[in-house]
Amino acid sequence: GPQGAVLRTRPATVATKVLTKRLDVSWAASVDSAMEERGIVRWEVQRTVPPREPLSEYEWRTAEWTTVTDQIPGLQRELTLLNLCPATMYFVRTRPIFRDESQEAGGSMPWSECAVSEGLVTKTAPPEEPLAPIVLDKDVYEEVRCSISHDAVRVTWRVPRDNGNDIDAFAVRFAEACAGAWQVATQVEFSEAGEPDYHSCRVGGLRPGCAYKFAVRAHNAVGWGPFSSPSAVVRTRPSAPPGWPRMVARSDSSITVEWDQGGSAMLAAARKGELRFQVQMQLASAASDDEGDSGEWIPIQPSAETADNQIVAFDLQPVTEYAFRVRAKTGTQAEWTNFGAPGGPFKTARRF
């Protein structure tokens, strides 16, 4: 038993076969002639799981036991325990239920007189199937680390149970949502997700404006576990963001910035008069406060959108540094791209 002071009046239940999620147990050796004479109507079997550690503090006599069944025929001396967890220790105990003088089911032997098995440990196994990965809302991350871009998506998942061996790798696969075949992601960047028990991966090499689904699995010393269920469908941004802003003029209260329009999709939209930009600025000194949080980005007034690839920011403070960033959309119904890399810091002139 799990403790030195075990009350053992007869041999305990033993395991005859051990698998990852199954134990075959037998208590034939614990049956004596006195029990046979009383007439065994049926058997009751219970199991319990100790804490992972410290096992020395486990008190099975006051532990919470789970009844597996109390309907085993009296002549039966074995049972298969199913749906167990791999790499887990179980303790098992059995007791007979006797027949009284009226031939009805009568009293049962007290559990205190029933021996407890040694710790029976199921075999190790590959990791469990993870829950379906998720794509965090873009507002959770800074825009430069946005979960969704034109050619990449960051997926996050809860680390599954390792089943007895440390998880040493993850694999991610993706497919186009309509009818695409699953592909193993090769352009990946794994990282911790910033939350305990979660992991994250940036999957690159995707096509702009396409809908994808993702799945993940884990690996340990035993092998690969199963892939998770697919994530919700996620659509990449329609195109890459514009180029970063550069300063072309300044005064003591204004800064003029311009930027490259971007790829072929933006050039085509510009020829149709459908290309729009949104420019934001930020005090460079507020880019990171004492707690490391980013300062607020605000749209440049008077208009939050512009069709030109140049804009003037007015009403600025003299001798002050500002940063700028730009995003675009290629039509009135189109989705915004991510913000491109910030430009700056750019300093206003001294006031004379």
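**Salt bridges, strands and burial in a predicted chain**

Pro51 is partly exposed, its relative accessible area being 42%; here buried stands for under 20% relative accessible area, exposed for over 50%, and partly exposed for what lies in between, with a 1.4 Å probe and protein chains only. The model is a predicted one, so local features need pLDDT of at least 70 and side-chain atom pairs count only at pLDDT 80 or more, while totals for chains, interfaces and linings use all residues. Residues are numbered from 1 along each chain as its sequence is written, and side-chain values use heavy atoms, with hydrogens and water left out.

Pro51 sits in the loop between strand S3 (40-48) and strand S4 (66-73). Helices (H or I, at least four residues) and strands (E, at least two) are taken as DSSP runs and numbered from the N terminus. The C-alpha atom of Pro51 lies 9.7 Å from that of Thr88, a residue 37 positions away along the chain.

Of its 352 residues, 39% are buried. The accessible surface comes to about 18900 Å², and carbon and sulfur atoms hold 48% of that surface; accessible areas come from the Shrake-Rupley method with a 1.4 Å probe, and for residues only the protein chains shown count as cover. Among contacts (heavy atoms within 4.5 Å) with a separation of 6 or more, 70% join residues 24 or more positions apart.

Thr94 is buried, at a relative accessible area of 8%. Leaving aside residues up to four places away in sequence, Thr94 touches Thr13, Trp27, Trp43, Glu44, Val45, Trp111 and Cys114. Cys114, one of these partners, is itself buried at 2% relative accessibility.

Cys85, by comparison, is partly exposed, with a relative accessibility of 35%. A disulfide is a covalent bond between the sulfur atoms of two cysteines. With the criterion of a pair of cysteine sulfur atoms within 2.5 Å, the count of disulfides is zero.

One of the sheets can be followed strand by strand. S1, S2 and S5 form an open sheet of three strands in the order S1-S2-S5, with antiparallel pairing; two strands pair if DSSP finds at least two bridges between them. The edges of this sheet are S1 and strand S5 (78-81), each of which pairs on one side only. From one strand to the next, the twist averages 25°, where axes are lines fitted to C-alpha atoms (for helices over the stretch in contact) and angles run from 0 to 180 degrees between N-to-C directions. Four bridges connect S2 and S5 in the antiparallel sense, and Ser26 has Glu78 in S5 as its bridge partner.

Turning to charged side chains, the structure holds nine salt bridges, each defined as a side-chain nitrogen of Lys or Arg within 4 Å of a carboxyl oxygen of Asp or Glu. One of them joins Glu128 and Lys21 at 3.8 Å, N to O. This pair links distant parts of the chain, 107 residues apart: Glu128 is in the loop between strand S8 (120-121) and strand S9 (153-158), and Lys21 is in the loop between strand S1 (14-18) and strand S2 (23-26). Glu128 is partly exposed at 25% relative accessible area, and Lys21 is partly exposed at 40%.

A further salt bridge brings together the side chains of Glu335 and Arg237, at 2.3 Å, N to O. Here the partners are 98 residues apart, with Glu335 in the loop between strand S22 (321-329) and strand S23 (343-347) and Arg237 in the loop between strand S16 (234-235) and strand S17 (246-250). Glu335 is partly exposed, with a relative accessible area of 36%, whereas Arg237 is buried at 6%.

Arg246 and Glu258 also meet in a salt bridge, at 3.6 Å, N to O. Arg246 is in strand S17 and Glu258 in strand S18 (residues 255-258), 12 residues apart. Arg246 is partly exposed at 33% relative accessible area, and Glu258 is partly exposed at 23%. Both residues also belong to a network of salt bridges, in which Arg246, Glu258 and Asp260 are linked.
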